[in-house]
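Here is a short briefing for a reader who is new to this structure. Please look over the sequence and the model before reading on.

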Amino acid sequence: MPINDYELSKELEYLFASYLFQNKLQMKRLLGYLIQHANSTSDSAFDQKVIAMKCLGRGADFDPAENPVVRIEIGRLRKLLNRFYDEELTRPYKITIPLGQYRPVLSIEATLNKHKYLPELSPSPANPERLSVLLQFTTEGVDSPELYLLRHRIRIGITITLGKQEAVRLLVAIPGENGKVAADSIDFVMRVSLAAVDAEFTLSSEVCSAQSNEVFFSDERNLEIDYQPADIEVLLSHLVSELFDHEIGVLWRRWVDSRSDYKNVGALKVAALVQYQRYLFDENEENIRQAFYAIESALEFHPGDKIINLALADVYYRAVIHNFDVVADPIEKGLTHIREALRFSPASDNLHTLHALLAMFQQEYDYAIASLLMDEMNAGEACFAPKFHYHVLTCLMSDWKGGFYKLDELCNDFASYPKLHAVLAYIYYFLLEDKTQTLKWKQTIQIQGSVATVQQCIKLMKLPDSWSVKASRDDLWLLINSDLGAMDD
Amino acid sequence: MIDETVTHTESIILESCLFRSKPQMKRLLSYLIKHTYENNNDALQQRSIAVNCLGRNHLFDSAKDPIVRIEAARLRKLLEEYYDSVEAHQAPLRVSMPKGSYHVLFSRNIEHRLSRGYSLLLLCQSPVATNVDELWLMIRIRQGLSYRLNHFDHLDLVVNFHPEHEIAQRGSVYFLAEEQHDYVMRLEVVQDREGDFLVSSIVIHRLTQEILWSHSIALPEKYTAEGLNEFYMKLISPLVADSYGILGSHWAKSLLEQGLGYVEDQHLAAVQFINLCNNPSKLACEAVIEFLKGRLNKYPDDFKAQSSYLAIGFFDHFLGYNLIEASLEDRLERCFLVAKHAPHDASVSILIGFYYFALGRYDESQMHLKNALTLNPYNTMWHFIYGGLLFFMGKKEEGFQVISSLYQYNKTPPGYYFIPVFFYYIGEEQWDKAFSVGSKVAFADGLECLVDALAHLAIGAQEQAQKEILKIENNKVLQNNLHWVENTLLVNHPDLVDQYRIVMNRLSLNKPRR
């Protein structure tokens, strides 16, 4: 397709104004001359001698055999042009001087031609403090309408579940797109493939790191052919939790490894979240302190950051329930912080649960109960950790029967038993006066060193009605302490 | 310590094409950033700059030597140029130097990159001497509304959770609002002596203090989740959902009245698009396309602007504008690219559904439209589009049901909500209903005349139909030939197409004589 002179002169002007050409008079003159004759029918304009005389100030006695100036200068120009178009990807045209000739070639950029009338779209830059994952789908065998439907349900299900996690950035590959991940700064690639085998659907998934392609997680699950939407929810809740859950997800461990000496922009935020994750993997006083200070210093520069604010809210809750000495008045400070954080993330289930938990610690039971009544909380597609702490809340709000049953079921389901599980089991059976179970759980608590957590729970939970009638919190406190053999302080 | 984002921004600018080969500019910028950040006013005097940064000696006299002013002006221009270039989206901060001083300013560049809508503050309150039931309901509503409104990304939701602001107080709508809140919504829960609840809602525009909405609704003492849900929908549908709701159109209109020059850059795309949805016309579409091209050139990662651009395809299709020249396949592919980076955005799913529809691939279309309803079940506009497209796919009854169920939430929906319903009644030969619904269609250049014309055609009143069509033709804005009507609106009505052709033919025969 020919380029009209007006467009061409505009392109030249743009080129000449660039920093590469701006101060290079000779190059400008040379390029201007070559372009001017680019469409001429004869080759006479491109004779070395003519070029030397017209552009390079040589006289009529110029001999190209002795003087290589034209070849050298054209070589310089060629390099300059290539560099210009390497840097300026968005130009509509491209001027090149192919090796072995001096006649420039003008071409219209093919990529732009394809989307001629659609403005370009480039991906937004990835935030280093988030975990980026690219989701790709493949179908094995023949694609049927049922598989198509299932794929959609799974895609939307994963999208919604991960949408509740501010810290995860999800990209969904364009159908048919494969392998092109470098440009989008992805951490992990998750490949999900669906197949119909006999009377079942098989959903296999594998995850690899975007850089190395080494698969470190693979998983296969079956779904009956006449599945219910709830079955998908259960399936996805498992899959997503095992990968992305802050407490049990495998990806966060990898993420921490990959970010542990991150120094670039956003380093403070990354450092805060790395410390926070490290604490979640190993809950102890030293780790929570490090997490707390890292988060505090990140918030100084990024006060409105939703991910960091949520992490801080969580740290307050855990400092209280495990009685870690991190900061004075953690309940009060935590509540103030959570209410401020909720202002800008009003739909965060996690923050609402944490709000209810801290309100309960403060003995503002109405808030806690109102939160327990919410239909939106604890919806099917939630991950492991949010559900777990929701059940903790239910228990501590003295609905032990319903709460502990669900908590236990959840932990069995995921085969994950956070320390709090044993703590609540012990209190539950203690209140039930089930001697054998109490003894069993007492041992677990002593092994894992959670006596302080039991004491905190007794101090802060809503007292069951039966207890508030027959005795006081102090009586319960004494009984528990004597059972645990803990010193009264 | 200099904030890491500042140092990072600085290094990105210094490495950019514009600055890379200009050592003097680089030195000056670094110098000014350093001393501005350290708040070192002495170092920012002309003399200090000339001596410490531009290589002048102690004899420098700013009255005789304009070097600092000249170099600062160059830097100012260069920075502006830099932030207009594609490279600028790597910079987390915007660095500028206001005229009249040598202090540099840092502002967040990132905020300008993604199109944004208005900001809404939600306040939920109960009386001073509240009881537990009121408090519980208030907290539930606050949480329920927060959760639902958060699904709408054309509004920036802020919710007040401070216990001391939960007590109903006269004027709290005014004194709790801050400068950044465009609108304030206040809900108050009161229980009466019988135990029933009264929930009143009021919405004001903070700047003018104009009351845009004031309603109250009764909930029985034993309210149910469904009852609450209906209450939420009756708020959300008219206020923020249907055609971006009362709030959206108020916001877009009031900013347009101020003049586009005064509207902040990142709001412009949303302002123009919302306005277009409420008053579509070919001219407006053209203007929006022009604007979006410019914006996307500057911020190619603004996927919201990109989806607005693709959404103009709706008007192209149903109003026959044909303004976007890329093929439907290319546009569909682009929608998928947007969806890749914004998988949560229901509006992108709607767009994919629409382009599948336009390509005649109805199964895929339906699937993606349903996806959108799963991603945001609270936006009744998506329900309308789903119903409307179902209708034009030939699933008339299903589409009609979906759309009619929306009227329970919003009694006065936008005019175009009646178009599929109008055709439904035509198809059912329920003329009186068709005429009454047709009269509610007020939308787009002369579309209401077209609807009237079609209604007349359907009952065989060709003379009248002809008059209405002439009205459209006289409307200078809509100068296309009206053949697109056959392929879009009349796609399910072959009998009407025949009649329509007869009238159009007769009109074109008459034309030379006029």
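This is a predicted model: local features need pLDDT of at least 70, side-chain atom pairs count only at pLDDT 80 or more; totals for chains, interfaces and linings use all residues.

Chain A and chain B touch through 44 residues of chain A and 55 residues of chain B. The domain assignment divides chain A into domain 1 (5-114), domain 2 (131-244) and domain 3 (260-484). In chain B, helix 13 packs against helix 14, and helix 12 also makes contact with helix 13.

**Contact between the chains**

- The contact takes 44 residues from chain A and 55 residues from chain B.
- On the side of chain A that touches chain B, two or more residues each come from helix 6 (145-163), strand 4 (168-172), helix 9 (267-281), helix 12 (330-344) and helix 14 (365-372) of chain A.
- Helix 6 of chain A gives the most to this side, with 5 residues.
- By class, the side of chain A that touches chain B has 28 nonpolar, 8 polar and 8 charged residues.

**Domains 2 and 3 of chain A**

- The C-alpha centres of domain 2 and domain 3 of chain A are 31 Å apart.
- In the contact between these domains, 13 residues of domain 2 of chain A meet 10 residues of domain 3 of chain A.
- Helix 6 and helix 7 (229-244) of chain A are the elements that give two or more residues to the side of domain 2 that touches domain 3.
- Helix 7 of chain A gives the most to that side of domain 2, with 7 residues.
- By class, the side of domain 2 of chain A that touches domain 3 of chain A has 6 nonpolar, 4 polar and 3 charged residues.

**Sheet in chain B**

- An open sheet of 5 strands in chain B has the order 4-3-5-6-7, with mixed pairing.
- Strand 4 (155-159) and strand 7 (210-219) of chain B are the edge strands, each pairing on one side only.
- From one strand to the next, the twist averages 20 degrees.
- Strand 3 (residues 118-125) of chain B runs parallel to strand 4 of chain B, and 5 bridges join the two.
- Leu122(B) has Val159(B), in strand 4 of chain B, as its bridge partner.

**Helix 13 with helix 14 in chain B**

- Helix 13 (residues 328-341) and helix 14 (residues 346-358) of chain B pack at an angle of about 160 degrees, and their axes are 9 Å apart.
- Because of this angle, helix 13 of chain B is roughly antiparallel to helix 14 of chain B.
- The two helices cross in a left-handed way.
- Residues of helix 13 of chain B in this contact include Leu328(B), Leu332(B) and Phe336(B), while those of helix 14 of chain B include Val348(B), Ile352(B) and Tyr355(B).
- By class, the contact of helix 13 with helix 14 of chain B has 12 nonpolar, no polar and 1 charged residues.

**Helix 12 with helix 13 in chain B**

- The axes of helix 12 (residues 303-319) and helix 13 of chain B come within 10 Å and cross at roughly 150 degrees.
- Helix 12 and helix 13 of chain B are therefore roughly antiparallel to each other.
- The crossing of helix 12 and helix 13 of chain B is left-handed.
- Helix 12 of chain B contributes Phe303(B), Gln306(B), Ser307(B), Leu310(B) and Gly313(B), and helix 13 of chain B contributes Arg331(B), Arg334(B), Cys335(B), Val338(B) and His341(B).
- The residues of this contact between helix 12 and helix 13 of chain B divide into 4 nonpolar, 4 polar and 2 charged.

Notes. Residues are numbered from 1 along each chain as its sequence is written. Chains are lettered from A and ligands numbered from 1 in the order in which they are written. Axes are lines fitted to C-alpha atoms, for helices over the stretch in contact, and angles run from 0 to 180 degrees between N-to-C directions. Helices (H or I, at least four residues) and strands (E, at least two) are DSSP runs, numbered from the N terminus. Angles under 35 degrees count as roughly parallel, over 145 as roughly antiparallel, 65 to 115 as roughly perpendicular and the rest as oblique. A crossing is left-handed if the near helix is turned anticlockwise from the far one by less than a right angle, and right-handed if clockwise. Two residues are in contact if their C-beta atoms, placed from the backbone, lie within 7 Å. Ala, Val, Leu, Ile, Met, Phe, Trp, Tyr, Cys and Pro count as nonpolar, Asp, Glu, Lys and Arg as charged, and the others, Gly among them, as polar. Two strands pair if DSSP finds at least two bridges between them. Domain bounds come from an automatic or database domain assignment.
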